[in-house]
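Dear colleague,

Please find below the structure for your records. My findings on the ligand site and on one further residue follow.

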Amino acid sequence: MKAILVEQPGGPEALRLADLPIPRPGPQQVRIRVEAAGLNFADILYVAGEYLTRTRYPTVPGMEFAGVIEELGEGVKGLRVGQRVAALGSGAFAEYALASAQAVFAVPPQWSAAEAAAFPVSYLTAFFALVVQGRAQPGEWVLIQAAAGALGTAAIQVARALGLRVVALASREEKLELCRRLGAEVALLSTQENLVEAVKEATGGHGVDLLMEVVGGDGFAQSLRMLAYRGRLLVIGSASRSLAQMHPVALMKGNQSVIGVWLTPFLSDPKAMREATEFLSPQLASGQLRPIVGERFPLEEAARAFEFILSRRNTGKVILEP
Ligand code: NDP
């Protein structure tokens, strides 16, 4: 089968097309014929050897995908061959990939494969960030960074479904237009001068109750200054790939919190996953939540897709198609 192979840490240049054996599912696993794979910022960090888990080379990257179940491993129940699903797993930048049966998700039949592939990482992360870690309450203000990206567009939709008021930040005017269309009440260029003051003014002097931090680095201190009294800053990513510094004592005056969010451990927490499914399923069925698919690239052009995200031109989820 065709697959993207990475033999050593690097950027887009480390990706090469290879011919590999089709994987066989182990116990409690399924093999899926991949129709579309989501390209996440985490894949870029994973290929570079900068992700939260250690990368073991050689590796086939790709963690989320959609397609048709082709083979069930020993002990798999409740799934059938021929079923079209979305999944989290590994080695998704290939024609076939494996997923653990508990990380396979039913998706609305009217969704395209690209929409299905764009769903699991972004929507689950948005839910765990806002509801579980952030304890969002209806009427609160949330600021979403990189709001036109994959996680950002999912987070705007989830925030609106929770009754939150959204301040969206993005680096280009056309991205802000998308954020407004999705229901952001305020949309500001992340590069504008006096951003802290602009956010304060847009929220009637209040500041934001929740802030989804995905850029990190020098901007982190600025994010802290945008928080309302008892505001919660959710540390979800560090796209700047540089260190942020803070003085924890600064949190005391406003009774504020800095909270980490990582999707992976939640995936093996049945109670948390049940909670997520109960919230997301009806919203997906009603169409209130629907993934935004951005640029689509053939699998062979994975390097170009990586470069596209690194150049910050993407909106919604970038998709690779075998
Ligand atoms: P996106 O589709 O949002 O693409 C990345 C976006 O980040 C860019 O479009 C850009 O938007 C913004 N960005 C800011 N600074 C940079 C930079 N220096 N280089 C490149 N992009 C930059 O990607 P994802 O939805 O996959 O991920 C978004 C963030 O959320 C990442 O930091 C990722 O690691 C994190 N994440 C964390 C998860 C978790 O479990 N903790 C799960 C999922 C995502 P703009 O130009 O508008 O600023």
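Around the ligand lie 26 residues, of which Phe41, Ser171, Val261, Leu263 and Asn314 are the closest; a residue is counted as near when one of its heavy atoms lies within 4 Å. This is a predicted model, in which local features need pLDDT of at least 70 and side-chain atom pairs pLDDT 80 or more, while totals for chains, interfaces and linings use all residues. Residues are numbered from 1 along each chain as its sequence is written, and side-chain values use heavy atoms, without hydrogens and water.

By class, the shell around the ligand holds 15 nonpolar, 9 polar and 2 charged residues (Ala, Val, Leu, Ile, Met, Phe, Trp, Tyr, Cys and Pro are nonpolar, Asp, Glu, Lys and Arg charged, and the others, including Gly, polar). Oxygen atoms of the ligand lie 2.5 Å from a polar side-chain atom of serine 171 and 2.9 Å from a polar backbone atom of alanine 150. A ligand nitrogen atom is 2.8 Å from a polar backbone atom of valine 261. The protein covers 92% of the 900 Å² of accessible area that the ligand has on its own (Shrake-Rupley method, 1.4 Å probe).

Glutamate 71 counts as buried because its relative accessibility is 18%, buried meaning under 20% relative accessible area (1.4 Å probe, protein chains only). Its side chain makes polar contacts of 2.5 Å with that of arginine 24 and 2.7 Å with that of arginine 31 (N or O atoms within 3.5 Å, one able to donate a hydrogen and the other to accept it).

Yours sincerely

Note on methods:
Buried means under 20% relative accessible area, exposed over 50%, partly exposed in between (1.4 Å probe, protein chains only).
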